[in-house]
Amino acid sequence: MKMNLHATFYIWVIFSGVILPATVVICDFPTTLNLHRAIPLKERVELSQLRAHDRARHGRVLQSVNGVVDFPVSGTFNPYRVGLYYTKVQLGNPAQEFNVQIDTGSDVLWVGCTGCSGCPGTTGLQDIQLNAFNPSSSSSASVIPCSDKRCSMGAQYADSLCDNSNNCAYQFQYGDGSGTQGYYVSDLLHLETIVGNTQSSNNTAKVIFGCSVSQTGDLTKTDRAVDGIFGFGQQAMSVVTQLSSQGIAPAAFSHCLRGDDNGGGILVLGSIVEPGIVYTPLAPSMPHYNLNLQSISVNGQKLAIDSSAFATSTSAGTIIDSGTTLAYLAEEAYNPFVNAISAAVSQSVRPLLSRGNSCYLITSSVDDVFPQVNLNFAGGASMVLKPQDYLLEQNSIAGAAVWCMGFQKIDGQGMTILGDLVLKDKIVVYDLANQRIGWVNYDLRRNQSGSTPSESIKMATHIFGGERFSK
């Protein structure tokens with residue numbers, strides 16, 4: 001998708017219910033959404049707990065027009081603050097607000113519906129109230145029949161099936177044993193449009209989303225329950241795909257997550273414009289965002305890892321997943337990587353093991369001691385990792401900091417998963433129209449520090465609008 005670099009005006013579109021505004025440019029007009037981080041824990045937790053959190057996350061991955069839309073991300077980014085990102089959307093007529101988890105590992109937007117069996121009625125998350133959607137209470141809702149061609153398109157990717165009432169339905173079973181089932185409805189997704197800096201008006205788009213009537217397993221738990229899941233996959237039932245096919249939004253989305261404890265960031269429907277972005281092709285015919293990782297370099301030296309360790313298949317390869325806290329290396333690549341890091345710092349740190357994890361006791365800055373790492377992808381794109389992108393500060397001993405390896409090993413599998421540990425402080429662009437993913441290191445802190453909501457809108461327009469404006 002090519003950006004329109006000659007637009008002379010912009011319309012900002014904001015999802016209703018957003019607390020902090022953000023710009024979104026869609027086909028010469030922009031849109032925004034506010035994301036929150038669930039359960040920001042103040043206490044540090046063990047790496048084993050983080051791994052357990054990610055295992056549940058990985059189990060949740062199903063087994064089976066020009067312009068951009070910007071969404072500011074609120075909440076904190078910290079690998080020790082275990083949680084999930086969620087946002088508010090408004091559906092139906094009259095509009096009803098729902099809090100939904102952002103998930104790049106699935107395709108469908110779904111919410112719990114009236115009479116749902118197993119859907120939580122309360123949540124441990126602060127400042128939100130769970131709601132249930134009732135299609136009969138919305139004047140614009142319609143149930144999708146099996147005869148609808150969109151239902152058959154979803155069936156190609158196991159996103160839809162026919163129920164006994166001949167309605168287009170779904171039944172998702174996740175690897176952690178949880179599941180949900182329901183049927184699809186078509187209804188309004190509400191947008192608040194801002195023209196210029198002052199005028200605003202309401203807009204809507206018709207989308208298909210799931211109406212869950214049953215939930216099982218971890219989805220029934222109330223500790224961090226939300227109303228549903230907002231899938232950002234690339235198949236037919238994805239809202240991103242639906243909006244792009246209607247010419248409302250581009251076939252792309254992007255994010256930039258702040259890496260400090262204050263957190264926040266931006267999630268965008270569209271391609272962010274920033275000099276220096278490098279792209280690598282998406283692996284074709286894969287269910288998730290798979291990339292072709294070819295090699296790893298430490299201090300500019302390519303590691304002796306057989307390329308077969310990164311081979312892509314439906315059960316192996318490299319996946320970009322913003323819902324994963326840490327990062328994971330295929331088994332054959334893990335030991336060479338850790339050994340290379342340890343060898344590079346052998347004269348400057350004291351190595352130690354903490355519950356099976358490689359850690360280092362240091363008294364100086366990690367930037368001064370640890371090497372740069374490059375993940376080298378097909379097409380010549382390299383992802384540069386600073387020490388903070390592969391290490392985690394765990395605790396301290398006698399005044400010395402303990403930094404542990406943030407990359408973990410997936411035993412017995414050729415799977416590499418790049419989670420938030422790696423993705424933070426980078427603009428990451430999912431250009432679905434051109435089947436590629438791009439990135440560039442970017443520090444949102446220098447632009448967002450002390451910003452008011454209105455200033456954040458202007459900042460996002462400067463960075464992410466169809467043009468780069470002078471400050």
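Is F253 buried or exposed? F253 counts as buried, at 0% relative accessibility. Keep in mind that this is a predicted model, so every value here is computed from predicted coordinates.

## Aromatic pairs

Let's stay with F253 for a moment. A search of the whole structure turns up 13 aromatic pairs. In one of them, the ring centres of F253 and Y289 sit 5.9 Å apart with the planes at 65°, so the pair is edge-to-face.

Another edge-to-face pair is F337 with Y390, at 6.0 Å centre to centre and 85° between the planes. F337 belongs to helix 4 (residues 331-344) and Y390 to the loop between strand 25 and strand 26, so this pair ties together parts that are 53 residues apart in sequence. F337 is buried, its relative accessible area being 1%, and Y390 counts as buried at 0%.

Back to F253 and Y289: along with F230, F232 and Y430, they form one aromatic cluster. There is also a charge over a ring to look at: R436 lies over the face of Y279, 3.6 Å from the ring centre.

## Disulfides

Now for the cysteines. The structure holds 5 disulfides. Counting bonded cysteines along the chain, the pattern reads 1-8, 2-3, 4-6, 5-7, 9-10.

| Disulfide | S to S distance |
|---|---|
| C113 and C211 | 1.7 Å |
| C146 and C162 | 2.0 Å |
| C359 and C404 | 2.0 Å |

Take C113 and C211, joined by a disulfide. The torsion about the S-S bond is -135°, and the link is left-handed. C113 lies in strand 7 (residues 109-117) and C211 in strand 12 (residues 199-216), so the pair ties together parts that are 98 residues apart in sequence. Both ends are buried: C113 has a relative accessible area of 3%, and C211 has 0%.

C146 counts as buried at 14% relative accessibility, whereas C162, at 47%, counts as partly exposed.

Then there is the disulfide of C359 and C404. The torsion about the S-S bond is about 100°, so this disulfide is right-handed. The pair links distant parts of the chain, with C359 in strand 23 (residues 357-362) and C404 in strand 27 (residues 400-405), 45 residues apart. C359 is buried, with a relative accessible area of 1%, and C404 counts as buried at 0%.

## Salt bridges

How many salt bridges does the structure hold? The total is 8. One of them brings the side chains of D218 and K221 together at 3.0 Å, N to O. D218 counts as partly exposed at 29% relative accessibility, and K221 counts as partly exposed at 46%.

D389 has two partners to follow. K386 forms a salt bridge with D389, the closest N and O atoms being 3.5 Å apart. D389 also bridges to K424, where the closest N and O atoms are 3.3 Å apart. D389 lies in the loop between strand 25 (382-385) and strand 26 (391-397), and K424 in the loop between helix 6 (420-423) and strand 30 (426-431), so this contact ties together parts that are 35 residues apart in sequence. Through shared partners, salt bridges join K386, D389, K424 and K426 into one network.

K386, by contrast, counts as partly exposed at 32% relative accessibility.

Key. Residues numbered from 1 in each chain as written. Predicted model: local features only at pLDDT ≥ 70, side-chain atom pairs only at ≥ 80, totals over all residues. Heavy atoms only, no water. Salt bridge = Lys/Arg side-chain N within 4 Å of Asp/Glu carboxyl O. Buried < 20%, exposed > 50% of the residue type's maximum accessible area, 1.4 Å probe, protein only. Helix = DSSP H or I, 4+ residues; strand = E, 2+ residues; numbered from the N terminus. Disulfide = S-S within 2.5 Å. Phe/Tyr/Trp six-rings, centres within 6.5 Å; stacked < 30°, edge-to-face > 60°. Lys NZ or Arg CZ within 6 Å of the ring centre and 35° of its normal.
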